[in-house]
Amino acid sequence: MMRLNVFLLVLILCCALGAVTSQHKARKLFQEMEAEQEHARRLEVEFGQLQLELSTWATSPRIERIAREKLEMRLPEPARIVTVLPAGSGDDQ
Amino acid sequence: MINSGGARAHKFAESPILELGLPAWRSRFMALLILACFVVLIARSFYLQVLNNDFLQEKGESRYRRDLEISASRGRISDRNGDVLAVSTPMRSIWYQPGGFDLQPTPEQMQRLAGLLEMDDRELRRRLASDKFIYLKRQLPPETGERIAALKLPGIGQDREYRRYYPTGEMTAHLVGFTNIDDKGQEGVELAFQSQLLGHSGNRSVIKDQKGQIVEDVGSIRLPRDGRDIRLALDSKIQYIAYSQLKQAVEDFKARAGGVVVLDTRTGEVLALANWPTYNPNNRERLTGTQLRNRALTDTYEPGSVMKPFTAALALEAGKVRFDTLIDCSPGRLTIGGKTISDTRRYGPLTVAQVIQKSSNVGTAKIAALLEPEQMWNMFDAIGLGQAPGLGFPGEVAGRLRPWKSWRPIEQATMSYGHGLSLSLIQLARAYTVFARDGDIIPLTLTRSDELPLGSKQVFSPQTVREVRAMLEMATWEGGTAPRARVPGYRAGGKTGTAYKVEGGQYVRKYVASFVGLAPLSDPRVIVAVMIDEPTTGAHYGGDVAGPVFARVMGGVLRTLGVAPDAPVVQADAGGDAEQERL
């Protein structure tokens, strides 16, 4: 009878310690998950900011200015434009 | 009772107190007193455990449990190709809540805070002297917010909020609109689609340890719902073409205002909508009502001659005239009911097509005389006059079309060439979809739609439309009113309008020059409507003022859309009149 009691006592101690460690592990993992989620949020914010930056750099007025001034591009005169139509469209231009 | 002769020691049983023979009520009184104490104790515990349990539980939880808000962001607005037109990024606002602490910030801390807030030291002190909650500064970049938080000043806290940015700025200001500081739509699409754009923040309850770290979630989590992204039908390249050409024209002609609308004739999508004057939605200080007005949608005007093709189409449809029926337009004047209609020039007999090509008021009035007022009203009604265009846009107007029963003959005549009724530029552009399509009118949409529109309504027969398109093309030929509206490489057609403005019920010598046209005529894809309000230098005719804008916008749009040219390239007009084409 005494032995059984000692055995049960040891068993219950093990279980208790197990519960404590798993709780601890769970909290650790939870915090890790929190950190990752925070990271994801921050990346999303950064994505938004980068998207904003991208569209600010890519506005049409800026593209046109660079094309005209820096690259000295311009529209060809109508006479110098050759239109290539898809085959079978039946146009003779 | 005193035992005088015995020993001095007492036996336990014979305590002298007992021998005093105290009255019995005293012990009973004591017992009652003790009982009363127990009753008080039980009552108190009942009070705490049962009656006040919730309150105390909550108080206890508040020591370790925190409710956190999970913020959700407002949806983005992008153009049809996914280019961002409006986006929210998180910002911080710094507030001050006085009271409850006596820790005074050191002068050095104050200086740092003032520096971070970009605020004068004295101004900051003045604000901190407040005895109410105040915002010290709103919409600071998140990095600055973190640095302020690191100062750990008592009473100073921060909120997370969003700021809306509009990378395309003034170009799309009227259509996209803007939000206020609390992220609520105030104008334009931001207001029209507020309920969809709005994000719904969630919340969660957590247990925090004393270091402020979240230990675990308790209770249920309500997930945040980000606002929906809105994809407009707008094409930012086309918008840029329309905007820059409009701006140029308004400056060249020193006009008061102007508007351009570009429609896709197949889907009814609004590809561009530009107004001048405009404003920068990212910096809205010194904003005036004039700048804010989205004229193309919220202002009506008397359109003038651009309505003539509808009269001609109706007469063709009713079989009253044919394409080449001669109408006598001499001597350039026509008197109806005591009022005189006149032409700018004295034309002789003109065919119906020439009446449109040369935009003869007299000719149109004579064609209208062949029609019943009710017929005309039905047609105007069918093309959307007097009805809001149904875009769901804030402030869109219906224009004015009076019931036909109250028309006098002179009014029927003036309405045939676009006076005595009013509409907005977008209504005008939409009305022209009947000529761009096979005689049916379609609903417009601001958002991108990949399906063909539902609810198209037949107004004219395809045969009538083909004839009217030929007339519209003639207007851009030599002898027409708008040779300058020709689009190199494409067959384009359209109609000019030069309308007198009405001020205080009187026509005044101020004009609205407009041009509405479609191209390529072999298979119309695009409608461009241009309106220039009060051009003051040089020309004021629609063909001279709005025509060139139309040509440049249309040329740019067709190239952007990759529409194959349908007109043999005429030898380029060598010389100074080379078109200043935009990319």
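Visitor: Between which strands of chain B is the loop in which Pro520(B) lies?

Guide: The model is predicted: local features need pLDDT of at least 70, side-chain atom pairs count only at pLDDT 80 or more, and totals for chains, interfaces and linings use all residues. Residues are numbered from 1 along each chain as its sequence is written, while chains are lettered from A and ligands numbered from 1 in the order in which they are written. Helices (H or I, at least four residues) and strands (E, at least two) are DSSP runs, numbered from the N terminus. In these terms, Pro520(B) lies in the loop of chain B between strand 18 (506-519) and strand 19 (526-533).

Visitor: What is the omega of the peptide bond from Ala519(B) to Pro520(B)?

Guide: Most peptide bonds are trans. The bond from Ala519(B) to Pro520(B) is cis, with omega near -15°.

Visitor: Is Gln139(B) buried, partly exposed or exposed?

Guide: Gln139(B) is found in strand 4 (residues 134-140) of chain B, and has a positive phi of about 55° although it is not a glycine. A residue is buried if 20 or more other C-beta atoms, placed from the backbone, lie within 10 Å of its own, exposed if 12 or fewer do, and partly exposed in between. Because 15 other C-beta atoms lie within 10 Å, Gln139(B) is partly exposed.

Visitor: How many C-beta neighbours inside 10 Å does Glu534(B) have?

Guide: Glu534(B) lies in the loop between strand 19 and helix 21 (542-561) of chain B. Its phi is positive, about 55°, although Glu534(B) is not a glycine. Glu534(B) counts as partly exposed because its C-beta neighbours inside 10 Å number 17.

Visitor: Is Leu50(A) buried or exposed?

Guide: Leu50(A) lies in helix 1 of chain A. The C-alpha atoms of Leu50(A) and Glu64(A), 14 residues apart along the chain, are separated by 22 Å. Because 10 other C-beta atoms lie within 10 Å of it, Leu50(A) is exposed.

Visitor: Are helix 10 and helix 21 of chain B roughly parallel or roughly antiparallel?

Guide: Helix 10 (residues 236-252) and helix 21 of chain B pack at an angle of about 160°, with their axes 9 Å apart. Axes are lines fitted to C-alpha atoms, for helices over the stretch in contact, and angles run from 0 to 180 degrees between N-to-C directions. Angles under 35 degrees count as roughly parallel, over 145 as roughly antiparallel, 65 to 115 as roughly perpendicular and the rest as oblique. Helix 10 and helix 21 of chain B are therefore roughly antiparallel.

Visitor: How many charged residues are in the contact of helix 10 of chain B with helix 21 of chain B?

Guide: Two residues are in contact if their C-beta atoms, placed from the backbone, lie within 7 Å. Among those that meet are Ile241(B) and Leu246(B) in helix 10 of chain B and Val549(B) and Val553(B) in helix 21 of chain B. Ala, Val, Leu, Ile, Met, Phe, Trp, Tyr, Cys and Pro count as nonpolar, Asp, Glu, Lys and Arg as charged, and the others, Gly among them, as polar. The contact of helix 10 with helix 21 of chain B holds nine nonpolar and three polar residues, and the charged residues number two.

Visitor: Does helix 4 of chain B pass helix 6 of chain B in a left-handed or a right-handed crossing?

Guide: Helix 4 (residues 107-117) and helix 6 (residues 142-151) of chain B pack at an angle of about 170°, with their axes 10 Å apart. That makes helix 4 of chain B roughly antiparallel to helix 6 of chain B. A crossing is left-handed if the near helix is turned anticlockwise from the far one by less than a right angle, and right-handed if clockwise. For helix 4 of chain B passing helix 6 of chain B, the crossing is left-handed.

Visitor: Which helix of chain A gives the largest share of the side that touches chain B?

Guide: The contact takes 24 residues from chain A and 26 residues from chain B. On the side of chain A, helix 1 (2-57) and helix 2 (60-70) each supply at least two residues. The largest share of that side, 11 residues, comes from helix 1 of chain A.
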